[in-house]
Amino acid sequence: MNAETANACRMVNVYLYTRYERFWHWLQSGLVVILLVTGFETHGRLELLGFKRAYEIHNYTGLFWLIAFAFFVFWVFTTGEWRQYVPTTRKLVAVVRYYLFGIFRGEPHPVPKRKEAKHNPLQRLVYLGLAAVLLPIQMASGFLYWSYNSWPAWGLGWLSLPVVAAVHLAGAFAILSFLVVHLYMITTGHSLTAHTRAMICGWEEIEEREAVEDWEVKTRRTPA
Amino acid sequence: MPVPARMLWLPAAALFGLAGIVAASASDPGPGAAPTAPGRDMAQQATRGPQRWITSDHSKHEILKQPFASGPEVTRACLSCHTEAASQIHRTIHWTWVDPASPPEKPMGKGALTVNNYCVSIHSNEPRCTSCHIGYGWKDKTFDFSDPAKVDCLVCHERTGTYKKFPAGAGNPAAKPTVFPGDGKTYEPPDWNRVAQSVGRPTRDNCGACHFYGGGGDAVKHGDLDSSMHKPNRSLDVHMGVDGKNFDCTRCHTTRAHQVAGRIYATPAATERTPLTRDDLTPRITCESCHTATPHRPGVKANDHTDKVACQSCHIPEFARVLPTKMRWDWSTAGRMKEGKPYKEKGPLGFPVYDTQKGDFIWEKNVRPAYFWYNGTIDAISLKDPIDPTRRVAINWPVGSPADVNSRIAPFKVHEGKQPYDTVHKTLLVPHLFGPPGSEAYWQKYDWRAALESGMKQAGLPFSGEFDFVETTYVFPTTHMVAPKERSVACNECHTRENGRMAGIAGVYLPGRDGNRVIEVLGWATVLGSLAGVLVHGIGRAVSRRRKEG
């Protein structure tokens with residue numbers, strides 16, 4: 001099948017991302033960039049704002065993120081959006097295959113986006129890892145790092161600052177490397193900017209295809 | 001498709017959120033609007049209070065109007081009212097030059113066998129060194145330390161500024177106008193009645209008469225104490241500045257029964273960090289006495305530093321900020337003559353860099369201190385302790401460790417020396433430097449062996465006759481010349497990878513200086529790997545697309 005002609009004639013506009021999702025995405029991306037820049041400056045690898053300012057901005061931004069993240073967690077669970085993150089192996093290999101080979105041959109994406117299934121199996125894994133593991137680790141280690149002077153009072157005197165700092169640094173590298181890949185992956189829509197546009201206004205043009213398969217749907221399946 | 005207008009608030013909200021964060025981080029309110037730091041408020045309250053006054057005018061005392069011919073006569077007059085003063089003085093280090101708290105088996109002080117890398121030791125050199133003793137006549141070992149009349153009340157208490165001890169008079173002022181060859185100045189005998197009637201609490205000039213000129217000259221020794229501290233401005237010393245708080249030394253060096261608060265060799269100035277709010281009679285010798293342990297505004301990170309970092313480390317950015325101080329003294333080059341005569345050579349800072357009597361000097365101004373873990377104790381070797389001449393010998397050193405809760409990272413002046421040692425006994429040696437013509441003194445005969453022989457003999461110590469010169473260090477804690485807060489050390493002078501002030505400090509994780517090497521390498525490898533991966537992938541996509549189009 002010719003991808004170009006497919007794009008030209010069989011696209012539909014789908015409202016993919018709600019207002020809060022988009023707000024959260026851009027807020028979080030801003031926070032991540034600020035935290036990366038100020039974090040690496042605090043780590044002595046950059047000179048931009050000066051240590052003091054970088055350190056202060058890093059701390060306030062981190063604390064702000066921690067609070068904002070609590071709202072995100074609330075949203076994820078109250079809206080049932082958490083189901084978008086339930087990991088699956090179905091078609092996982094197909095998606096990996098697509099990005100390794102199919103994409104160069106102009107094949108269609110094996111698991112196109114749908115309102116009810118925004119994440120393909122690979123994304124599910126990555127975003128679950130991010131939202132449930134990497135970011136919480138980063139926030140916890142950052143919070144501990146920040147509260148270093150209170151450790152003895154909190155009964156955490158046994159903690160080691162070099163270890164907490166190392167965990168936090170490892171997390172920073174993981175996030176930075178996610179950011180690199182993520183920034184690239186948003187160009188892999190049907191056009192270079194399709195994904196970005198969707199994240200700004202909520203609507204994305206996607207290929208019209210048969211209905212979403214049952215296993216992909218995020219809502220609870222009611223027994224017939 | 002067009003972006004619906006109602007969606008525009010989203011990016012706007014995000015922007016507002018970020019602006020809020022940045023604003024919050026810049027919470028430093030400008031001057032004027034700023035609430036002052038609690039530690040400043042506390043200190044200002046602690047130093048406000050009533051002016052001190054006295055109930056006696058010493059110029060009206062008949063006993064001080066009698067004719068005096070010598071210091072001891074004045075002292076007897078003082079003691080006729082201040083009956084306990086001499087016995088109090090006799091127990092202080094100002095009198096004994098030995099730390100009263102040091103153990104008898106290891107007495108510390110110039111009066112014992114403690115040495116430095118300036119003129120090394122007072123033994124055999126008393127008449128010169130003891131011109132800074134608060135007594136009259138300590139010219140050799142025979143001095144009677146129990147004689148009340150030998151106490152020099154005037155040097156600490158007279159307030160005319162005219163009382164001068166003769167620099168080589170064993171603590172006595174000149175009996176008749178006398179020229180001191182060392183500085184070429186004429187020393188006049190005191191106007192005894194005038195100085196005796198002027199007495200009061202010690203001023204900066206009284207303490208400074210000795211402590212600003214330690215090591216035989218202005219600014220030689222401490223680096224944070226020199227003649228610029230007679231009348232410092234606020235930017236040199238925020239507490240003592242005549243345009244600021246105008247403190248005398250005794251404002252912090254509070255005194256009980258003539259015992260002046262302060263560190264004495266291995267005895268810390270304070271063992272407890274007691275603020276005045278907990279004990280209003282506590283000595284004011286520590287910063288925390290007045291400023292408390294969390295002196296900065298709430299939320300200021302510096303408050304979190306006070307468990308590891310001494311106040312002085314940030315608040316004294318450099319020492320010797322007005323006058324240069326001596327940083328190195330190399331005795332091994334002494335004795336060179338110019339046309340058969342001793343000579344001096346001045347350096348770019350206006351201070352001698354060579355002196356036939358003393359060797360080579362290095363002077364430095366605006367010196368960044370060295371930093372060490374320090375619990376208030378400075379230990380030292382004595383003339384009896386064996387040294388390892390193959391390495392630089394630390395004559396004294398700050399005691400402390402990162403594991404000790406009473407230790408802080410504190411600033412120091414480190415003075416380097418190169419001085420004589422016994423190559424057989426492996427001990428430091430006492431040179432007999434000062435003496436009358438015809439004596440064995442080095443400054444008379446310029447004969448090291450004779451001078452060392454004589455010095456060690458008078459110190460009561462063995463000398464093999466074989467000597468050489470060894471590199472040494474001597475540390476002084478840097479605690480005066482506290483700069484105004486706007487001149488304190490910036491965060492990035494320590495939190496940096498290159499040449500930071502804390503480069504030599506172990507036992508603490510310092511963000512911006514330290515990092516985990518393994519994670520660092522793996523981390524950058526992952527990031528660069530990701531970058532390479534997406535680049536290759538992107539190129540692949542572009543190529544395949546072109547091929548299809550072509």
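**Chains A and B: fold and interface**

Chain A contains seven helices and two strands, where helices (H or I, at least four residues) and strands (E, at least two) are DSSP runs, numbered from the N terminus. This is a predicted model, in which local features need pLDDT of at least 70 and side-chain atom pairs count only at pLDDT 80 or more, while totals for chains, interfaces and linings use all residues. Residues are numbered from 1 along each chain as its sequence is written, with chains lettered from A and ligands numbered from 1 in the order in which they are written.

**Chain A**
- Along the sequence, the elements of chain A are arranged as α-β-α-α-α-α-α-α-β.
- Chain A has 224 residues, of which 27% are buried (20 or more other C-beta atoms within 10 Å of the residue's own, with C-beta atoms placed from the backbone).
- When contacts (C-beta atoms, placed from the backbone, within 7 Å) in chain A are taken between residues at least 6 apart in sequence, 68% of them join residues at least 24 apart.

**Helix α2 of chain B**
- In α2(B), residues 38-47, the residues B:Gly39, B:Met42 and B:Ala43 are buried.
- They lie on the same side of α2(B) because they cover an arc of only 95° around the axis, the arc being that of the directions from the helix axis to the C-beta atoms.
- The buried residues of α2(B) pack against α10 (287-291) of chain B.

**Interface of chains A and B**
- Contacts between the chains involve 40 residues of chain A and 39 residues of chain B.
- On the side of chain A that touches chain B, two or more residues each come from α2 (19-42), α3 (51-78), α4 (92-105), α6 (161-185) and α7 (194-201) of chain A, and α6(A) gives the largest share, 12 residues.

Technical notes: A residue is buried if 20 or more other C-beta atoms lie within 10 Å of its own, exposed if 12 or fewer, and partly exposed in between; C-beta atoms are placed from the backbone. Two residues are in contact if their C-beta atoms, placed from the backbone, lie within 7 Å.
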